[in-house]
Amino acid sequence: MTQTSSRTRSNSKNNSSKRNSRGGSGSSFKSSRRSGGSGSSFKSSKSGRSGGSGSSFKSSKFGRRSGGSGRPSRSRNGRNPSGNRGGRGRSGERIPIDKFINTNPKAAQGAPVIEVTHTFSDFGFELDLVQAIDGRGFVKPSPIQDQIIPHILKGRDVIGLANTGTGKTAAFLLPLINRVIEKKAQTTLIMVPTRELADQINDELKSFTRRIKIFSTVCVGGTPIRPQIRSLRQHNHFIIGTPGRIIDLVKQKVLILNKINTIVLDEADRMLDMGFINDMRYVMSHMSESRHTLFFSATMSNDIKALVNDFLRDPAIVSVVQTRISTNIAQDVVRIAGRDKVDVLKDLLKEPELCKVLVFGRTKHGVDKLCQKLNKGGVNAESIHGNKSHFQRKRSLDRFKSDRVQVLIATDVAARGIDISEISHVINFDIPDTYNDYIHRIGRTGRGAHEGKALTFVG
Ligand code: AMP
């Protein structure tokens, strides 16, 4: 029996193709993900570039100096010819240039691998779910799944410190799906910073519940509220939404928070960055005291600690935050040296190996302008940012995912949480605000077993 919620279907018409492309056969998850700890990820990449000549970064063309060919100039062997000036993001954080360089990432290997101690069968999941996990080709749990699923199954509050790409979505979905199978009357609210992440989580949910009668709905801004109101009038096991729309629905009394048993706050650090602190507090204060709270964040800043103290009860803390940037990502800078940045980018994009390129710009306006200029210059590019409608963003993402456009230009917020495999290059057209943003940006490439390259434009 294949049973899919009509509510789910009506809210995410385009999701089936996405699901198919992401599911794949065989595990794409590499158990060699690096372990957590407090050390700076930067230190390791520095040591990783000591060799220089052993660089696995093949694009020798990019190594040419500027002038002559008019091609962008990039640092050689990871050296920083102009000293350590670096760039300053809007937040004022100065990021030294050498943090953007690691042309020999493989040499950075050597950090301990997190051992996975469970198999999926150890969790005692219901048969339908076991079959669904098998159908997805997941062979063994990722480290975050390995460590956090037993706590969630026991009903304990959890804090998961994990980046996107670690399998954190399945880490909370699998035990919660299992709970619904065992005990139907369950509702989980999953609150996330962006619409894209909400869609992605719903896709992942559906990929596990094709044969299980589980209903979900996505409640995000930028799309008509009426279908969401209609779908909320029926029972949903999972409601996935962004803070603003969730609060609208609560105020219209269609979403009754104290009837919800479980809340997942995913990418809580990003929700804070995006100014959703009051919304988060509002939602939490309207939920039942006996709720089960699952809290995921890539960082544990003081602000996050304060939230955790207020929102969770005796949580189990599981950290798989990588201390290093994936060893699959070669990083380098492109020196602009007074040239027109757009021309430099256009030149780079002529290289055949830059086949699927995610470009980061700082402002919505800047992203739009850059997109127009690239299109005028014959480059097939699309842009996404917070002022675009949900439909526009989804269409651009789909076109980029299916290789109909070479370049996607995004702001940090819009790109948050997007999971697109095989991005060949991430280009930081504008320097990120913080080093943490930098790590998030470049983590879009080099996913799974793929090699990726990150280039940062510097003055
Ligand atoms: P996430 O961190 O949730 O964005 O997951 C990143 C990717 O890893 C997604 O495409 C997941 O479907 C995939 N994934 C999650 N868990 C596993 C696993 N145990 N084995 C293989 N792939 C996985």
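**Cores, sheets and helix packing in the predicted model**

Within the largest nonpolar core, which has 65 residues, the members that touch the most others are Leu173, Ile177, Ile190, Met191, Ile240, Leu265 and Phe295. Helix H6 (residues 168–182) supplies the largest share of this core, namely eight residues. A further core of 43 residues lies apart from it and includes Ile384, Ala410, Ala414 and Val426. The structure described here is a predicted model. In soluble globular proteins, nonpolar side chains tend to be buried together. With residues up to four places away in sequence left out, Ile177 touches Leu129, Phe208, Thr209 and Ile214.

The chain has 459 residues, of which 48% count as buried. Its secondary structure consists of 17 helices and 16 strands. Among the contacts with a separation of 6 or more, 78% are accounted for by residues 24 or more positions apart.

An open sheet is formed by seven strands in the order S6-S7-S5-S8-S9-S4-S10, with parallel pairing. Strands of a sheet pair through backbone hydrogen bonds, either parallel or antiparallel. Inside the sheet, strand S4 (residues 158–161) runs parallel to strand S9 (residues 292–297) and is joined to it by four bridges. In this pair, Leu161 stands opposite Ser297 of S9.

Strand S12 (residues 357–360) has two parallel partners to be described. It pairs with strand S14 (residues 407–410) over four bridges in the parallel sense, and Leu358 stands opposite Leu408 in S14. Four bridges also join S12 to strand S15 (residues 425–428), again with the strands running parallel; here Phe360 stands opposite Asn428. In a regular strand the side chains alternate between the two faces of the sheet. In S12, Val357 and Val359 point one way, whereas Leu358 and Phe360 point the other way, and all are buried.

Ser396 lies in helix H15 (residues 390–401). Since a residue counts as buried when 20 or more other C-beta atoms lie within 10 Å of its own, Ser396 is buried because it has 23 such atoms within that distance. Between Ser396 and Ile409 the separation is 13 residues in sequence and 9.8 Å in space, from C-alpha to C-alpha.

Two packed helices are described by the angle between their axes and the distance between the axes. For helix H9 (residues 243–251) and helix H11 (residues 277–285), the angle is about 40° and the axes are 10 Å apart. H9 and H11 are therefore oblique to each other, and H9 passes H11 in a left-handed crossing. The residues that make the contact are Pro243, Gly244, Ile246 and Ile247 of H9, and Asp279, Met280, Tyr282 and Val283 of H11.

Helix H17 (residues 435–442) is largely enclosed by the rest of the structure, because six of its eight residues are buried. The buried residues of H17 are Asp437, Tyr438, Ile439, His440, Arg441 and Ile442.

How values were computed
Residues are numbered from 1 along each chain as its sequence is written. This is a predicted model: local features need pLDDT of at least 70, side-chain atom pairs count only at pLDDT 80 or more; totals for chains, interfaces and linings use all residues. A nonpolar core is a set of buried Ala, Val, Leu, Ile, Met, Phe, Trp, Tyr and Cys residues joined through C-beta atoms within 7 Å. A residue is buried if 20 or more other C-beta atoms lie within 10 Å of its own, exposed if 12 or fewer, and partly exposed in between; C-beta atoms are placed from the backbone. Two residues are in contact if their C-beta atoms, placed from the backbone, lie within 7 Å. Two strands pair if DSSP finds at least two bridges between them. Axes are lines fitted to C-alpha atoms, for helices over the stretch in contact, and angles run from 0 to 180 degrees between N-to-C directions. Angles under 35 degrees count as roughly parallel, over 145 as roughly antiparallel, 65 to 115 as roughly perpendicular and the rest as oblique. A crossing is left-handed if the near helix is turned anticlockwise from the far one by less than a right angle, and right-handed if clockwise.
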